Structures are given as C-alpha cells and as structure tokens.
Amino acid sequence: MGHQELLTGWGRTSATSATVESVGADDVAQVASGQRGAIARGLGRAYGDPAQNGGGAVIRVQPSANPVWIDTVESTATVDAGVSFDELLRRIVPHGFFVPVTPGTRFITVGGAIASDVHGKGHHRDLTFGHHVLSLDIVLADGSERTIGPDADADAELYWATIGGMGLTGVITRATFRLLRIETNRCLVETQRLPDLEALIAAMSDGDADHRYSVAWVDLATKGSTVGRSILERGDHATLDDLAEHAPKALRNPLAFAPGSLASVPPVPNVMNRLAVRTFNELWFRKAPKQHIGTPTLTGFFHPLDGVGDWNRFYGTSGFLQYQFVVPFDAIDTLREIVDRVVANGNASVISVLKRFGAESGGFLSFPKPGWTLTFDLAAGVPGLGPFLAELDQLVVNAGGRHYLAKDAHTTPDIIRAGYPRLDAWKAIRRSVDPDGRWASDQARRLDLL
Amino acid sequence: MNNAIHQPQTVVVLGGKSDIARAIVVALDSASLRTVVLGCRNTDTADAAGLEAQLSGATVTARHFDATDHAGHADWVSAVASDHGDLDIVIQAFGQLGLDAADDPVAAADLVNVNYAGAVSSGLAVADRLRAQGHGVLVALSSVAGVRTRASNFVYGSTKAGLDAFTTGLGHALHGSGARVMTVRPGMVRTSMTEGMDDAPFTVDAVDVAAATVNGLRKKKAVVWAPAKLQGVFGLLRFAPDFVWRKLDT
C-alpha cells in the first residue's frame, strides 16, 4: 500500500502531495492511477515538477535482486530502471567500463536518465544517454509490457517518444545500453583560466573537437570588466600510459571506485546571498591555475557536487531554480545578451556552466541540439524573478532555442511549444498508447504536455 | 499549477467584485496566468472585461456564486474545477460591512450567514478540492476588526473573528496535504465597501493589500497583515485595558 508524501524536485519548490507506491517492475501495472494518473519517480533529481503528481500516484520502481548485467564482450549493460548511476558505476568501473554519458550527479536512476535524455560534458561527441540505449522495457497504460528500441521493427516511434519523454509514455523498467571502455579511474584534464566571455567563446569554438569532454565554469555573479571570467576544463579518460606519465601512484589500483560522501547540509535558511556567492566565485576562480594538466578522479571530474549531501538545502526553504537553455550557434548574440542580463540582474548563484552541444539524439522532446547551452542557479525566493525569467524565456525561443524539461520549474506552455516543434507529433504518439490519461505529472499539467 | 516562483495558472475569486481581490489578481498576473473566475452574486455587474483588460493574457469569466447557498458550494467548486482544471489559488473575498447590524438582529444574523457561515461552507468545499489535487492555496480575507472587536462594528468584527479562527484552523488541518491556507488581515482599506468613511490609522489601498498578499504567498506565510506593522500594533492593542481600547474607538 502506498503512503501520502509531500514531494518536490531537487529545487525544493512547488511541493504537492501524492500517493507514493514502491513496487517491483512486475507490479507496476497493478498500481491504481485513479483520476489524477501516475508518474514514475527515480531519485528526484529533476529540479522542477516532472516527477511529482499532486493528488495522484507516484511510482518508485524498485530494482530486482540482480539489477545489473554486464556483457563484457559486447560492452553493454542491461540494468533495472531503478538502479542509480552511483550503484552502476560501483559495479562497472572495476571491470573497466564507464557509462556512455553522465550528468553532473551520479544520484540519478537509469530510468530517469532515459526519460530526461540526460547529457554531460561529452555531448559534443557522445550526444545524450538515450543515443546509447539499444532497447528498453516499458509498462504501458493498458498494463502490457513491451521491449522497444530504435530499429524500425521495435516500435521506433514509441521509443523516440520515450527517450526524453519525461515518463509520460509509460514506466521504464529495464534498459540495455552501450558502455564505454576505460583503462583507469582517472581523467586527463587540461584546465585553462579565461578572463572574459569573448575569450571563452573563442577558446571553446576552437578546441572542443580535440577532447571527449569539455565544459566551462563561468562567473555570472560578478559585474565589471571580468564579466564571464571562466575556467575551461577539457579532458579525456586517462589511459594507463597517461597515468604513468602524470600520476604514477594512481597505477597501483587504477580501476578502484568507492567514492564516499563528505557531509550532508543540515536544514538552513538561504545562505546563498550575494556576498556569499561572490566570495565563493572569487575563490573558485582564483584557485584555478592559468593553465594546468591534472588527473582528477572520475568523481572529482564528473560529479564534484556529489561529495556534499543535500546541497540543495543551501537555498533555504524557498528553494531554487536551475535555468538551462540552448540557443543555436548562430544565435551567439542572444547568448551574449542573456549573459549581460543575468549579470546585470545580479541574482545568479555560484558557478554557472557553459557548454557546446553536438547533434540532436532523435528523441521527440530531447533537449540538446547544436548550439550553446548555459546553466545557472537562482534562489527562488527572490522578489521580481517572474518578469526577468519571462524575458529570458522569450529571448531563448526567439533565437530558435529551448529549455530543458528536466530543469524547468517555471515556464509556460507557449514557451515549450515554441522550443519543441515536434511536440504535437509526440502528443499524438503519447495519446495512442495512453488514450485515457493514465500517466500524468505536475509538469505535464503545468505545461499542457498531455 | 503554481510554478516554482508562486505564479498561478488559475485563480478563482469568491466575491468577484471585491476591490481587494481584484487587486490581488492583478498583482498575480504573469505569463503563466491563464484563467480567472469571478464568483459573484450578480454576474451582470462583475465587469470581467474590465479586469481582463488589466491582465497580460488571461481570460476572465464571471460565474454566479451565492455565499449563502451553503448546500451548493461543493457542487460549485466541482463545476469550476471540471471546466478549468486545477484551482491554484482561491481568494475568499466576499463579505459585507453590515453597518445597521448592531441595531437589527435579523440583519445581524444575515451578516453572520454571509461573512461567516458562507466562508465556512465554501472554505470547506474549496479545501476538499485542494486536498484532492494535492496542491493549491486558499487566500482568505479576514480583518483586524476581528482581532479585537470594537463598539462601532462588533458584529462585522465578530464574523471576521469567526472566519479568522476557521481559516487558520483549516490551515492546520491541511498541513502536509499539499494544500495551504493563507489568512490576510488588512486594517482599514480604501475600497468601494468603505467609501465615504474617514481613514483610520494605518489605512491602506487595495493595491497595498495585494502586494502584501503576493509577498506572503512567495514566503508561504500562514498569516499576512496589511500593512505589516499592524501585527505589532495589534500585538499591543490586544492587551490594552478596556477603558483604553474604548477610548481608541471613537
């Protein structure tokens, strides 16, 4: 039996109450969805409201006793949807494998990674997680289970509606995807400090193709001549030869993976005030050497914030938003304008992230497309955010850009419709497998996705 | 749905002609606001178009609502929800001053029936709906007149005292359900209801109450005073000796 629970996303905004049902994959079809429908929830790391369902049911799909199968010959894994990347990495890294794509946290589930079609620092080369999925099992609204994939004879349309489909086509229970072979648990990373936005844009436009991973940390909280000062990190998985050259001590146990958690943040009021943010950014910027080659661990490179449990509590009870958009490469002026506005507005929080995206994955509602993507945090309790964000939303879609559904917590149906030209086609596919509206979420209601 | 920055998509007003409620709707306007329903006893004078003109894109409709039709309130709320979807914010704003109530027992009972009994039955109907949808806020317009009643309007004050006790208690009952209640306690407000009356100390305009309300929603407050300093003032006045209190009420 389920229990009532007040749920929010990672941003801790817009709490709603739902009946939470924890079930195994075989029992998903039995969960009563009632008038308000049901939605699957992984680890609740989407920032807004896609994994909550006020007045309805929220399904947590529990992994089975043997949730991870690795095919070391084909370099693939078959994994239960409720398995976290944290657990997955602990199992596969010692065998010399890494996930093909990881976002900035390993505390997401495989199901969530597919439903949000997550991307990471390697998008310009590796595209999204969904791009590497070979097949997945899904429980449909009528209770049937289907195995679908990107090939034409495997319900390709439904598959691409499910990749990035925010869980609204059905409940994903298992997936098979490609793994990446690695020789070590380290990365070889070149760090470069850049004085302003123009220098950053030039450096990224030039050298991204030479590295598997590339991302820039940008300071959008400090005004003046240093607008857009940044730290560009570009790297690859370190080979054994790399370690021999740069970090011979790491050769002793090159595939160990057992990250610990440092400490959890207790419930505190919002401490992300302007002074704290600027001080942090100053230190962050100063600590980076002008030019440096390092060998950070996988965790240190991909999931630096995972060392601090519940870091979302830094924003107090009002919570925060993470604003992420992409604009096409030819809309670089829009990127500049938005950066200027964010800096002038003065409410951006610590370290914002700039990245160049590669091609689209094929998911109807997948977020990434070729262009610049910028991500920054904003404390939600700040007065006057509404008009400011509405202006940014409009600038983004006017430039042919769009917003990431896994991050969005505030925008409107019109803005999403403008950003996702295949929305109506997606809705038609969705309705064909869920004519009576069994699947629903707060975000789906808020953004008219059903 | 209310989004992460407390912008509603659907707002329902019970007592749709209330100047304060209409000012709150204008203050809640955003790109997200789509639907406003004005529940009024007489829809002909609701002037939905006038309110719509002050909003950036929402549709405003008037719908017959009678605060004294206690038996019909649950159906009324269900009908609005089935026409417009989730109710994000419901503003309970109907009420009368009942200036002759102190001298007329029947008029006094009528006032109780509108201001208090109507607020209870419609408040419970709204709470039921908000609980079922797992989110939403009931904004109830109380009054400082109910915090400590005065000789000049004690019947009105007593209805607001009852309403205030009801809505704050309802807020506790809804705790954890996703639904919330915010009780707004304005002082004297210059509106069509108080037209012709002299300003009392701390008198404000409807837009000031609206700003305080939106601010309170942003901070997820259970009680909002408008203006805010009335909280401190009444914190003291509540305990003033009776002869002092009577002197103040002139």
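**View 1. The open sheet of chain A has eight strands.** Its strand order is E16-E12-E14-E13-E19-E20-E18-E21, with antiparallel pairing. Strands (E, at least two residues) and helices (H or I, at least four residues) are DSSP runs, numbered from the N terminus. Two strands count as paired if DSSP finds at least two bridges between them. Strand E16 (291–294) and strand E21 (402–403) of chain A are the edge strands, and each of them pairs on one side only. The model shown here and in the other views is predicted; local features need pLDDT of at least 70, side-chain atom pairs count only at pLDDT 80 or more, and totals for chains, interfaces and linings use all residues. Residues are numbered from 1 along each chain as its sequence is written, while chains are lettered from A and ligands numbered from 1 in the order in which they are written.

**View 2. Strand E12 (residues 187–194) of chain A pairs with E16(A) and with strand E14 (residues 230–237) of chain A.** The pairing of E12(A) with E16(A) is antiparallel and has four bridges. E12(A) and E14(A) also run antiparallel, joined by eight bridges. A:Glu190 stands opposite A:Ile293 in E16(A) and opposite A:Arg234 in E14(A). A:Gln192 has A:Gln291 in E16(A) as its bridge partner.

View 3. A residue is buried if 20 or more other C-beta atoms lie within 10 Å of its own, exposed if 12 or fewer, and partly exposed in between, with C-beta atoms placed from the backbone. The buried residues of H5(A) are A:Leu197, A:Leu200, A:Ile201 and A:Met204. The arc is that of the directions from the helix axis to the C-beta atoms. An α-helix has 3.6 residues a turn, so residues three or four places apart point the same way. The packing partners of the buried residues of H5(A) are E12, strand E13 (213–218), E14, H9 and strand E19 (352–357) of chain A.

View 4. Two residues are in contact if their C-beta atoms, placed from the backbone, lie within 7 Å.

**View 5. Strand E8 (residues 133–139) and strand E9 (residues 145–148) of chain A form a hairpin.** The two strands pair in the antiparallel sense over four bridges. The bridge partner of A:Ile138 in E9(A) is A:Arg146. Five residues lie between the strands, and A:Gly143 in this hairpin takes a positive phi near 90°.

**View 6. Helix H12 (residues 423–433) of chain A packs against H4 of chain A through its buried residues.** A:Trp426, A:Ile429, A:Arg430 and A:Val433 are buried. They are on the same side of H12(A) because the arc they cover around the axis is only 100°. The face turned away from this buried side carries the exposed residues A:Asp424, A:Ala428, A:Arg431 and A:Ser432.

**View 7. Domain 1 (68–182) and domain 2 (187–411) divide chain A.** The domain bounds come from an automatic or database domain assignment. The domain centres, taken over C-alpha atoms, are separated by 24 Å. Their contact takes 30 residues from domain 1 and 29 residues from domain 2. On the side of domain 1 that touches domain 2, helix H1 (85–92), helix H3 (123–126) and helix H4 (156–162) of chain A each supply at least two residues. The largest share of that side, three residues, comes from H3(A).

**View 8. A:His95 is in the loop between H1 and strand E7 (97–98) of chain A.** A:His95 is partly exposed, with 13 other C-beta atoms within 10 Å. Not counting residues up to four places away in sequence, A:His95 touches A:Ile70 and A:Thr72. A:His95 and A:Glu183 are 88 residues apart in sequence and 9.3 Å apart in space, C-alpha to C-alpha.
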